[in-house]
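Student: I would like to learn how to read helix packing in a model. Please take me through a case.

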Amino acid sequence: MEKLLNQASSDKAFSKIIMFILYIIVGFGILSTFIMLSNERKHEFALVMSLGMNRRRLIQSTLLELLTMALLGIVSAVIVTIPIILYFHYHPIKLTGNLADTMLQYGMESVLSMDTDPIIWVSQTFIIILITCIMSIYPVRKIMKMKIIN
């Protein structure tokens, strides 16, 4: 039993490392999107500022746009993944062979099922919004340092 507990704790540590790596990948994806949007719209930003829009209003509208884009991505991801998760929750993957025998030796059922706990969805949504807020520092700095006249 002690061996099983040690293995469970190492599995939790490994899954946290994997989640951290995935968050870094997502963060770089979001940052690259923000960099691309900022660089492509540099002339548009300069134009609206030269027409009288102040930097604060431009930053607010840009942040609102970026947050809306992130929320649309989260909502579309939820819409796509809920049917998949529900399918595998009600039709779990049955393990066979040595892995199934090992799980049976430890007194566990030899299936892999999906968890439908809503706290998972909520926590992941907040983490992605936090990553989006952190990565939105780049466009804000870009607008703050932008010169209207070249």
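Student: What is the mean pLDDT of the protein?

Tutor: This is a predicted model, with a mean pLDDT of 88. Of its residues, 97% reach 70 or more. Where pLDDT is low, coordinates should not be read in detail. Here confidence is highest in helix α3, at a mean of 92, and lowest in helix α4 (residues 97-105), at 83.

Student: At what angle do the axes of α3 and α6 cross?

Tutor: Helix α3 spans residues 55-90 and helix α6 residues 137-145; their axes cross at roughly 160° and come within 10 Å. Angles over 145 degrees count as roughly antiparallel, so α3 is roughly antiparallel to α6. The crossing is right-handed.

Student: Which residues of α3 and α6 meet?

Tutor: From α3 come Arg55, Leu58, Ile59, Thr62, Leu63 and Leu66, and from α6 Pro139, Val140, Ile143 and Met144. By class, this contact has 8 nonpolar residues, 1 polar and 1 charged.

Student: How do α2 and α3 pack, and at what angle?

Tutor: The axes of helix α2 (residues 42-50) and α3 lie 10 Å apart, at an angle of about 140°. That angle makes α2 oblique to α3. This crossing, too, is right-handed.

Student: Which residues of α2 and α3 meet?

Tutor: Phe45, Val48 and Met49 of α2 meet Arg55, Leu58 and Thr62 of α3. The contact divides into 4 nonpolar residues, 1 polar and 1 charged.

Note on methods
Residues are numbered from 1 along each chain as its sequence is written. This is a predicted model: local features need pLDDT of at least 70, side-chain atom pairs count only at pLDDT 80 or more; totals for chains, interfaces and linings use all residues. Side-chain values use heavy atoms; hydrogens and water are left out. Axes are lines fitted to C-alpha atoms, for helices over the stretch in contact, and angles run from 0 to 180 degrees between N-to-C directions. Helices (H or I, at least four residues) and strands (E, at least two) are DSSP runs, numbered from the N terminus. Angles under 35 degrees count as roughly parallel, over 145 as roughly antiparallel, 65 to 115 as roughly perpendicular and the rest as oblique. A crossing is left-handed if the near helix is turned anticlockwise from the far one by less than a right angle, and right-handed if clockwise. Contact means heavy atoms within 4.5 Å. Ala, Val, Leu, Ile, Met, Phe, Trp, Tyr, Cys and Pro count as nonpolar, Asp, Glu, Lys and Arg as charged, and the others, Gly among them, as polar. pLDDT is the predictor's confidence in each residue, from 0 to 100.
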